[in-house]
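My notes follow in the order in which I checked things.

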Amino acid sequence: MQQNTNYKFMSATGRLPYNMTNDYMFRIVLQRDKETLIGLICSVLHLTRDEILDVKIENPITPGEAIDEKEYQLDLYVSLNNNTFVNLEMQVINYNNWPLRSLAYLCRKFDMLHRGEDYSIIKPVYQIGFIDFTLFEDHPEFFAQYQLKNTKDGYLYTDKFNILVVELSHTDLATAEDKSYGIDKWAKLFKATTWEEIKMLTKENPSMNSAAESIYLSNSDENIRELCRRREDAIAHENFQKKLIQNLTEENASLSNENAALSDENAALSDEVARLQKLLDDNNIKF
């Protein structure tokens with residue numbers, strides 16, 4: 001995107017049609033604006049701008065064109081400096097399987113050797129998940145990086161295998177280090193629901209102007225808005241099904257508990273009948 005001091009988003013007001021928690025909007029904004037993608041990667045991986053010489057999106061899609069089933073996940077697969085792979089994904093639905101799911105994604109990207117190639121040339125991989133839920137209820141955290149380490153003393157096994165998680169709803173837990181790299185600002189940008197919020201963020205962080213402009217231009221495209229709407233409809237349907245399954249599971253559990261209670265009552269009644277019958281028999285009482 002060309003540098004432009006007359007950003008169109010500055011004239012926008014009110015509610016955003018779609019923000020970047022919409023996974024299609026997330027992917028389109030990062031794909032259409034290279035500086036936004038670089039800025040985000042620098043922030044999360046703790047890099048400086050001059051450390052990034054090149055970024056290449058390995059799985060680009062055409063903005064506004066309908067996505068097929070294989071693109072349903074909408075993760076963004078990036079080659080960084082031709083020596084590192086970064087996979088970025090926005091996830092708002094909690095399927096209660098993110099640790100295993102993110103690990104599966106990472107393993108697929110990690111195992112990229114061709115037959116006969118030496119393992120020493122394997123490139124570092126990063127799976128970066130932006131999630132709008134709490135990953136571990138007993139351990140809420142804004143930003144976390146997971147690696148393979150020795151369970152006794154924490155010695156690093158390899159720095160080429162990395163899972164990073166940003167919990168968008170926990171910016172209040174951001175550490176001083178998180179804030180120094182601006183990760184909390186990106187989370188707030190993704191979660192912003194009004195243009196006023198975005199303009200406040202860019203006022204405090206002018207480096208995000210390009211990202212805000214890309215959000216504006218993407219929201220101005222009717223075809224992109226339609227695909228964002230379809231994604232929200234699909235997510236709403238998934239949430240409805242998930243809630244329905246949860247309600248049915250709870251109802252079944254309740255019925256099971258009631259049946260168990262009735263069984264206990266029937267067993268108690270049977271015991272009481274047997275006791276009374278024995279008492280009658282012992283006293284030779286007939287009816």
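This is a predicted model: local features need pLDDT of at least 70, side-chain atom pairs count only at pLDDT 80 or more; totals for chains, interfaces and linings use all residues.

Entry on a helix pair. I looked up helix α1 (residues 23-32) and helix α7 (residues 209-219), whose axes come within 9 Å and cross at roughly 120 degrees; α1 and α7 are therefore oblique to each other, and their crossing is right-handed. On the α1 side I found M25, I28, V29 and R32 making the contact, and on the α7 side A211, S214, I215, L217, S218 and N219. Sorted by class, this contact has 6 nonpolar, 3 polar and 1 charged residues.

Entry on the cores. I then turned to the largest nonpolar core, which has 55 residues, and noted that L37, V78, L88, I128, F130, F190 and I198 touch the most other members. Helix α2 (residues 34-45) gives the largest share of this core, with 7 residues. I also recorded a second, separate core of 11 residues, with Y77, F85, W98 and F161 among them.

Entry on I198. Leaving aside residues up to four places away in sequence, I listed F9, L16, L189, A192, A212 and I215 as the residues that I198 touches.

Entry on helix α5. I checked residues 183-191 and found that 7 of the 9 residues of this helix are buried, so α5 is largely enclosed by the rest of the structure. The buried ones I wrote down are I183, D184, K185, W186, A187, L189 and F190.

How values were computed
Residues are numbered from 1 along each chain as its sequence is written. Side-chain values use heavy atoms; hydrogens and water are left out. A nonpolar core is a set of buried Ala, Val, Leu, Ile, Met, Phe, Trp, Tyr and Cys residues joined through side-chain atoms within 4.5 Å. Buried means under 20% relative accessible area, exposed over 50%, partly exposed in between (1.4 Å probe, protein chains only). Helices (H or I, at least four residues) and strands (E, at least two) are DSSP runs, numbered from the N terminus. Contact means heavy atoms within 4.5 Å. Axes are lines fitted to C-alpha atoms, for helices over the stretch in contact, and angles run from 0 to 180 degrees between N-to-C directions. Angles under 35 degrees count as roughly parallel, over 145 as roughly antiparallel, 65 to 115 as roughly perpendicular and the rest as oblique. A crossing is left-handed if the near helix is turned anticlockwise from the far one by less than a right angle, and right-handed if clockwise. Ala, Val, Leu, Ile, Met, Phe, Trp, Tyr, Cys and Pro count as nonpolar, Asp, Glu, Lys and Arg as charged, and the others, Gly among them, as polar.
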